[in-house]
Structure formats: structure tokens, C-alpha cells
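Me: I'm new to this one. Could you walk me through how to read it, a feature at a time?

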Amino acid sequence: MAAEIGAPAPDFTLLDQARNPVSLDDLKGHKSLVVFIPFPFTGICTDEACTLQMNLSKLEELDAKAVIVTAHALPTNKRWAEENSLTLPVLSDFWPHGKVSTEYGTFDETLGVPTRTTYVLDADGVVRDVIATESLGIGREYTAYTEALAAI
């Protein structure tokens, strides 16, 4: 069942770029953005990630955390994070391939990657908003995140 507004977010534990486990429980107690991206090392995904990184202090002011989820392997995520100076967690949903993305309802079976979808969670891990684009070629607006977080 896909993640739905008003329902608890699907539980997960994935490894970040430093091989640290990050779970939904780690996000609880704060508002959170679970940001699914299709392709590291592409312009739109990199721009979105760098925008989040540059605005981490603003997210903290809103008592919010952010994680990025890809269906790529740990070494790919590590290199992408290093090349872009990303300190926020970049989580690998590589194996079983796309399991968490599928549970959230954002996995594109044809491409084998998640769609460009963000789940905005409250401090209890309940989905309060979903921010998505109609095309992988369109990035999400950062202001949509701050507006959704401020509304919680």
C-alpha cells in the first residue's frame, strides 16, 4: 500500500552514503522530508540535493530533517554525495531493488527508479503532504517544502 496523506509513513531502514543505518524512527520527533530522486549525477537531481544542503539551517529552524532516497548502490551515492559536499543522508534503496520506493508508491517499474516525489512527515511519522512533479524532467520547488513544513 502506498504512502497516503494522513496515514503513517511506511517504515524503513536504509544505509546512507557512509554506510550508517537510517530509519523512519530516526526521523521521528521532527518534521521530515523523505525526498526520492531518480538519478544521481544528473542536473535536476543534483540541483535539488544541493538546494536542500544549502538550506539545512532553514530546515532546522522549522524543526525538520531531510533524507534523500535513491535506488542506486552505496558506492554511487557516496561518490555523488562527496562530489556535491552533501552531508544530509543519501539513502540507498538498491537491494532489494526499490523496495522502499515501492512501499511509498513512487517506484517506476519501467525505469527502475523512484519518481521525483517527496513525502512530508510530521514528528510522529505521519504523511502530511506529498510533493511530486509530473515528469522526471521537472524539479521540485524548494519553497513547496518550506510551505508544507510550516503548515504542520
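This is a predicted model: local features need pLDDT of at least 70, side-chain atom pairs count only at pLDDT 80 or more; totals for chains, interfaces and linings use all residues.

Me: Which residues touch the most other members of the largest nonpolar core?

Reply: That core has 21 residues, and the ones touching the most other members are Leu 33, Leu 52, Leu 59, Ile 68 and Trp 80. Two or more residues each come from β3 (31-36), α2 (43-54), β4 (64-70), α4 (74-83) and α6 (142-150). The largest share, 4 residues, is from α6.

Me: What is Trp 80 in contact with, leaving aside its neighbours within four places in sequence?

Reply: Its contacts include Ile 37, Pro 40, Phe 41, Ile 68 and Val 90.

Me: Now a strand. How many residues of β8 are buried?

Reply: Buried means under 20% relative accessible area. In β8 (residues 117-121), that goes for 5 of 5. Thr 117, Tyr 119 and Leu 121 point one way, Thr 118 and Val 120 the other, and all are buried.

Me: Which strands does β8 pair with?

Reply: Look for bridges between strands. β8 pairs with β3 in the antiparallel sense over 5 bridges, and Val 35 stands opposite Thr 118 there. β8 also pairs with β9 (residues 127-132), again antiparallel over 5 bridges; Val 120 has Asp 129 as its bridge partner in β9. The hairpin of β8 and β9 has 5 residues between the strands, and Gly 125 takes a positive phi near 85° in this hairpin.

Notes. Residues are numbered from 1 along each chain as its sequence is written. Side-chain values use heavy atoms; hydrogens and water are left out. A nonpolar core is a set of buried Ala, Val, Leu, Ile, Met, Phe, Trp, Tyr and Cys residues joined through side-chain atoms within 4.5 Å. Buried means under 20% relative accessible area, exposed over 50%, partly exposed in between (1.4 Å probe, protein chains only). Contact means heavy atoms within 4.5 Å. Two strands pair if DSSP finds at least two bridges between them.
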